[in-house]
Each structure stands twice: as structure tokens, then as C-alpha cells.
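Welcome to my notebook. Here I jot down what I looked up, one entry at a time.

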Amino acid sequence: MTDTRTPVEYRPPLDDAMARFPARRDTVRPQIRGTGVPVVVTGHRRDGVDPRIGLELRVDDSLVRPVELHELLARVHAVLRQLDAGLTAPPSDPKPRYFRFCGWQLDSRTRRLTDPTGAPVALTKGEYALLVVFLNAPQRPLSREYLLQATHLHESVSDRSIDVQVLRLRRKLEPRPGAPRIIRTERSAGYLFDVPVQQI
């Protein structure tokens, strides 16, 4: 039997009014919950847009405008690739206590990170903040600006210094920091925490 159904073309909604109309945050939640439709939030800094809105709403990505067209397209294409690969995760507890990945575990209450052998690994404030952002958005490309804003690192470091923080975190998580498998660099998009994360 031939399938005559019309193919569905996924087009991620682009919402750029989240900051000016805070009430819309409550309307986005039910719209995206359980639908499987990816959502990309954009907004202007002058309107008070905070990239952490993306984490709060569990959307697939968020950008501060103005943004270059090639970066926007790269981020949208990355989200669509995740959808095609079945990597778009369902909504989870907004404040999980434990994060587990590749044998590692992070306790968000005590801020205690343990490696696959159970040994504790010390994290600086910046490394912990960066890791939490990655763990809340696994397998999603995150721009440098997004990471700076979401971790508050923009208050004390320059835009490119996020690379230094990522390098330090890689040295603690990756068996081979020079060939990272957990935190990968996404060309024209930023960084990607490229392993599944279990939130408990």
C-alpha cells in the first residue's frame, strides 16, 4: 500500500517578543510541551532579553539579536538535524538534583562532581556554571554569547574567554582534551555537549 499522506515540513517557531511580553512565556510552555516541535527564541538586548529564558522554557535554542543570518541558519539547521535524529528531548524536571553522563555524576545541590570511578573532581565557580548550562541543554549547539550570558561569566570576562573556560572543563572531563568527544566545537554555532544526559 502506498503512503499518500503529505510529508510534514518542520519549521521551528522563531519568537522574538519574549522579553517585551513576559506573559507570552506562559503561552509558549503549553504550545511546545509534548509536541516535538522545536522552538528557537530570539530577542534584542535592549528589550532585556536573557538567553537563560531558553533554559527556563526548555526551548531548543535562543539567540540575542542582532544576529548574523548565517549563524541563525546554522542554529536552525542544527535543531532540525537533532529532530531528524530523534535527539530532541522531552521536557524534564526544571530542577533535577543529579545529572549523569558517560559514567560521571553531578549533584546540583552539593555541587559535587564525581568521575566514572566515583572519585570527586573539583570545579571552579565558572567551570560548574558552564557545566550546568551544558547539562541542561545536551546535544544542542550553544553560542559563546549564550554561554557567557547564561553563566554570568560576561560580568568578569571578555567574549572570547568562554573558550578558555571550555578548555579547562574539557581537561577535567575528556580523556583526550585535544580530541574532545563530550564537548565539541560546532563551526559557526559555538559548542555542543555531545553525549546523552540523564536528569534525576
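**Entry 1: a sheet.** In what order do the 3 strands of the open sheet stand, and is the pairing parallel or antiparallel? I keep in mind that this is a predicted model. I read the order as E8-E10-E9, with antiparallel pairing. I then looked at the edges, where I found E8 and strand E9 (183-186). Each has a single partner strand, so one side of each is left without a neighbour in the sheet.

Entry 2: I followed E9 to strand E10 (residues 190-193), and the two pair in the antiparallel sense over 4 bridges. I picked out Ile183, whose bridge partner in E10 is Phe193. Helix H6 (residues 162-173) packs on the sheet and touches both E9 and E10. I noted that the direction of H6 makes about 145 degrees with that of E9.

**Entry 3: positive phi.** I reminded myself that most residues other than glycine have a negative phi. I found Arg111 in the loop between strand E5 (104-107) and strand E6 (112-114). Gln139 is not a glycine either, and its phi is positive too, at about 60 degrees. Gln139 lies in the loop between helix H4 (125-136) and strand E8 (141-142).

**Entry 4: accessibility.** Is Gln139 buried or exposed? I noted a relative accessible area of 15% for Gln139; buried means under 20%, so Gln139 is buried. For Arg111 the value is 53%; exposed means over 50%, so Arg111 is exposed.

Note on methods
Residues numbered from 1 in each chain as written. Predicted model: local features only at pLDDT ≥ 70, side-chain atom pairs only at ≥ 80, totals over all residues. Heavy atoms only, no water. Buried < 20%, exposed > 50% of the residue type's maximum accessible area, 1.4 Å probe, protein only. Pairing = 2+ DSSP bridges. Contact = heavy atoms within 4.5 Å. Axes fitted to C-alpha atoms, helices over the stretch in contact; angles between N-to-C directions.
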